[in-house]
Amino acid sequence: MAKLKEELSRLGKQEALEDLRQQPSDADTQAALRSQLVKAMRADPSLADKLQAWLEEAKPQAAALGIQQSVQVQGNDNKVAQVAGSGNSVNF
């Protein structure tokens, strides 16, 4: 998360990430971060590659915790959620 926070700060879009840290299960806060990520990737297309690399870096930690998640989505207007742990909820 530190790398993402640093990158979003560089682009002036860190507020949504901080809001999500404070309210991780709030659907509106999640949507705001998604929106900011899209804007950030439009401003800096290399951010998508950085996000992918960071996710790859996190795989060993996730595997050590017993977390395995994968998704492949095609088409338009899809909604996808992945949750690990307990006490989580997802709203669309």
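What follows is a short tour of this structure in questions and answers.

Visitor: What kind of model is this, and how are residues numbered?
Guide: This is a predicted model, where local features need pLDDT of at least 70, side-chain atom pairs count only at pLDDT 80 or more, and totals for chains, interfaces and linings use all residues. Side-chain values use heavy atoms, with hydrogens and water left out, and residues are numbered from 1 along each chain as its sequence is written.

Visitor: How many helices and strands are in the chain?
Guide: Helices (H or I, at least four residues) and strands (E, at least two) are DSSP runs, numbered from the N terminus. Along the sequence the pattern reads α-α-α-α. The count is 4 helices and 0 strands.

Visitor: What share of the residues of the chain count as buried?
Guide: Buried means under 20% relative accessible area, exposed over 50%, and partly exposed in between (1.4 Å probe, protein chains only). The C-alpha atoms fill a box of roughly 35 × 30 × 25 Å along the principal axes. Of the 92 residues of the chain, the buried share is 16%.

Visitor: Which residues of helix H1 are buried?
Guide: H1 spans residues 2-10. An α-helix has 3.6 residues a turn, so residues three or four places apart point the same way. The buried residues of H1 are Leu-4, Glu-7 and Leu-8. They lie on the same side of H1, because they cover an arc (of the directions from the helix axis to the C-beta atoms) of only 95°.

Visitor: Which exposed residues sit on the face of H1 turned away from its buried side?
Guide: The buried residues of H1 pack against H2 (15-22), H3 (27-43) and H4 (46-64). The face turned away from that buried side carries the exposed residues Ala-2, Glu-6 and Arg-10.

Visitor: Which residues does Glu-7 touch, not counting those up to four places away in sequence?
Guide: Glu-7 is found in helix H1. Glu-7 is buried, with a relative accessible area of 8%. Contact means heavy atoms within 4.5 Å. On that basis Glu-7 touches Asp-44, Leu-47, Lys-50 and Trp-54.

Visitor: At what angle do the axes of H1 and H4 cross?
Guide: Axes are lines fitted to C-alpha atoms, for helices over the stretch in contact, and angles run from 0 to 180 degrees between N-to-C directions. The two axes come within 11 Å. H1 and H4 are roughly antiparallel (over 145 degrees; under 35 is roughly parallel, 65 to 115 roughly perpendicular, the rest oblique) to each other. The crossing angle is roughly 165°.

Visitor: Which residues of H1 and H4 meet?
Guide: By class, this contact has 4 nonpolar, no polar and 5 charged residues. Ala, Val, Leu, Ile, Met, Phe, Trp, Tyr, Cys and Pro count as nonpolar, Asp, Glu, Lys and Arg as charged, and the others, Gly among them, as polar. Lys-3, Leu-4, Glu-7 and Arg-10 in H1 meet Leu-47, Lys-50, Leu-51, Trp-54 and Glu-57 in H4.

Visitor: Is the crossing of H2 and H3 left-handed or right-handed?
Guide: The axes of H2 and H3 come within 9 Å and cross at roughly 155°. That makes H2 roughly antiparallel to H3. A crossing is left-handed if the near helix is turned anticlockwise from the far one by less than a right angle, and right-handed if clockwise. This crossing is left-handed.

Visitor: What is the phi of Asp-77?
Guide: Asp-77 lies in the segment after H4. Asp-77 counts as exposed, at 80% relative accessibility. Most residues other than glycine have a negative phi. Asp-77 is not a glycine, yet its phi is positive, about 55°.
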